Amino acid sequence: MASEPVEKQEQDGSSATPGGAVTGPPAVRIEGLWKRFGEQTAVHGIDLTLPAGHFIGLVGPNGAGKTTTLSMVTGLLRPDSGLVEIGGHDVWRDPVAVKSRIGVLPEGLRLFERLSGRELLAYIGRLRGLPGAEVDKRAAQLLDVLDLAGSQHKLVVDYSTGMRKKIGLAAALLHNPEILFLDEPFEGVDPVSAQTIRGVLERYTSSGATVIFSSHVMELVESLCDWVAVMAAGRIRAQGPLAEVRGEAPSLQDAFLGLVGARGRAAGQNLDWLGGGAR
Amino acid sequence: MSTHATAAAPPSLVPVFVRLKLTLLRNGLRQSTGRTVAYVVSAVFGLLFTAGVVLGLVALRGTAHAGALTVILTALLTLGWAVMPLFFPSGDETLDPTRLVMLPLRPRPLIGALLATSLVGVGPLGTLAVVTGAVVAVADGTAAALVGVLAVVLVVLVCVALARAVATASVRLLTSRRGRDLAVLGGLFVALGFQGINIVAQRLGGPDGLSVLEPLGGVLRWVPPAAALGAVDDVGHGAYGRAAAGLALTALALGLLLWWWQRTLTTLMTAPDSSTLQAVEKDSARRAGGEERGLARLLPGGRTGTVMLRTLRYAWRDPKSKMSWAMSLGFGLLVPILYAAQGNGSIYTSFSASALLGLQMYNQFGQDTSAFWMVASTIATPRDAFEELRARALTLALVAVPYVTLVVVGTAAFIGPWSDFFQVYGLSLGLLGGLFATGAMASALFPYSIPSDGNKSVAPGQAGIAWISLFGGFLVASVLASPLLALTVWLHVAGLQSLLWVLLPVGAAYALGIATLGLKLAAPRVAARLPEILAAVSKG
């Protein structure tokens, strides 16, 4: 494709977005968020406002700072500086209000794998202070919907990647949070499990809840989300309703490549020997 | 360099593999300075130890039992090589032939290259030195020295080939989850084995103790590769027939090992992987029935019971937790028994039970690994943190209090005297309480990762934190128990021996108070440091 690169203005985080009817506080408000690991700056002073009631995608190439950002937003990683509010509550000053309102599925962190799927849900539900009978009822339904009922007594350590993502999702949904944070929920998941996860998430957002998930699979984000934030090299490159971020580009993938400046970086002529046949 | 590799004739694999091994070794060291230091320190200590053994062997030259001793030493060395890959499966990446499955390699050159690679390293070097020392100890005359050179080569080759063959044969087991679990528990056998060697060594230290070795040496003398050492001894005594038989046996063993290794390697590289087989397994139908629900019903409700149930399940199901529990319980009992066996028995040795079980309170969150995020995401207040810590302490107490009671009563009954029972029991409980308090505090302030694979209990680079928190905590806990000690001493000095029973209720109350205080102090620190703790325990 040789279309003109679409210049995207970085939106100011505080303004109301045209896509969502702003009634209450935004689901997430981030101001001047920084995180450095030694020499490397993972998150570069980002400002971001994510409206409530949307299916929101945080997209970016590997190493863009998506996981670091989500970890800081969900209280699992302490930022060097900056403000994070969830539903109007400061994550670090008011953890009581925040932790009961959010569900988290992190990437790269383990579960209590020596419990069976069912035991894990029973554990996390009770830890969140739900009554035991209610936990067991919800767990049974979630296991059923997520197609895990047949493996509910197997230890999570013996689960496949897709099953782990699904049991993690069940654990994140068990206390019916207002906002769900999912870090790469479809990474390494087979198409059948992915469809199951999709179905559950669509049902969840249709009742007004917010899903914020990170991914580098543009087709997926384009088909699921109505709001996206594009991240690269620790900075937010664009944010807004899907149509606005996509602009005139034929697909989100094209718009994304333009935004992160990766378009036209084709495989060079140095690989002229490549193509099978003679060694 | 790489242009040579594209030449038409397939180059020998040996230099490629040796270079791979050296690169892996160098890159492993480059990862962190702590690792480099640890490697250098352990290498220096290993070499010093080896040098000591070699010097000892050379000093044995000409003594009566040198023959039997060297034969047994060689057999032990071989045994070590045989079991090493089972306990340290992840120690050497070139050890895992399944990584080479996609490369177009024939078994025979592969075997040669892998064998050559195995000869590179500190282990084979140490073995070479020790076996050479053993040969020096027994070789008598030029002919024996010549046979000795052959014996050294044979023994080192058999050791290395044996380790490789066992590793290959067990790789299927070791790459499965259950196999890895077993390997972790293997550390327990190593630890207990050391105690056994300790006892044997003391027996041998007695007058004319070495003569005990003769019958064993007589048998092992015909077991390869120790047979090669026996052959060196025989040549010195002119028994050329026996010597030839010993050498032939060892060479035969080497041939058989190589053949077995090649066979298992071929099977392994052409058969499906264990992860595929595992995925096919059906739901294991873990006893979801009444048994666990019955146990759960006995536990308190809310966070306390939930955390206790999880901790108890982990103590049984998680190999790392299981091993640390088994170590504490085993050694807590072993210490009084060992001292009694040596004739130094005392009721005061029963302090080991409360000391070892109390140490279980340390690094509570490290035992969770990065799954600690699930705990962190449900802790919003210091109260939540307190309940979490208290539940873990209660689980520990559930085992520790009856166990300490049992050990103290046992030592009082078998070693005595009963007159010291109350003070020892009271002080034991006080120490336990102090360790719970400092353990909770150390869990909050000095968390570290416990790698889930292999035998390591500390992630690289965090050993310093682990040792400081354990030793520092132990010192502080001893100081915390000192009021009880002072009371004990005062009762004795003031001649109030009839009132010594007071120490039991006072000790119990003191333990409860100090533990609660420790948990209360630690809880706000846990609540305030959740991200820092998560980062510290996620390195494994």
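A residue is called buried if 20 or more other C-beta atoms lie within 10 Å of its own, exposed if 12 or fewer do, and partly exposed in between, with C-beta atoms placed from the backbone. The structure on screen is a predicted model, in which local features need pLDDT of at least 70 and side-chain atom pairs count only at pLDDT 80 or more, while totals for chains, interfaces and linings use all residues. Residues are numbered from 1 along each chain as its sequence is written, and chains are lettered from A and ligands numbered from 1 in the order in which they are written.

**Stop 1: two loop residues**

Select B:N363, in the loop between α16 (351–358) and α17 of chain B. Helices (H or I, at least four residues) and strands (E, at least two) are DSSP runs, numbered from the N terminus. Is B:N363 buried or exposed? B:N363 is buried, because 28 other C-beta atoms lie within 10 Å. Its phi is near 50 degrees, a positive value in a residue other than glycine. Most residues other than glycine have a negative phi, and most peptide bonds are trans.

Next, select A:D147, in the loop between α4 (132–145) and α5 (161–173) of chain A. Phi is positive here also, near 65 degrees. A:D147 has 15 C-beta neighbours inside 10 Å and therefore counts as partly exposed.

**Stop 2: a cis peptide bond**

Select B:P224 and B:P225, which are joined by a cis peptide bond with omega of about 0 degrees. B:P225 belongs to the loop between α9 (213–220) and α10 (226–236) of chain B.

**Stop 3: the sheet of chain A**

Display chain A as a cartoon; its secondary structure comprises nine helices and ten strands. Six strands make an open sheet of mixed pairing, in the order β6-β7-β8-β3-β9-β10. Two strands pair if DSSP finds at least two bridges between them. Which are the edge strands? They are β6 (102–105) and β10 (235–241), each of which pairs on one side only.

Within the sheet, select β3 (residues 55–59) and β8 (residues 210–215) of chain A, which run parallel and are joined by five bridges. Two residues are in contact if their C-beta atoms, placed from the backbone, lie within 7 Å.

**Stop 4: the nonpolar core**

A nonpolar core is a set of buried Ala, Val, Leu, Ile, Met, Phe, Trp, Tyr and Cys residues joined through C-beta atoms within 7 Å. The largest has 151 residues, of which A:L120, A:A170, A:V228, A:V230 and B:A440 touch the most other members. Helix α19 (residues 421–445) of chain B gives the most to this core, with 15 residues.

Centre the view on A:V228. Leaving aside residues up to four places away in sequence, A:V228 touches A:I56, A:G57, A:V59, A:V221, A:L242 and A:V245.

**Stop 5: where the chains meet**

How many residues does each chain bring to the contact? Chain B brings 29 residues and chain A brings 27 residues. On the side of chain B that touches chain A, the largest share, six residues, comes from α14(B).
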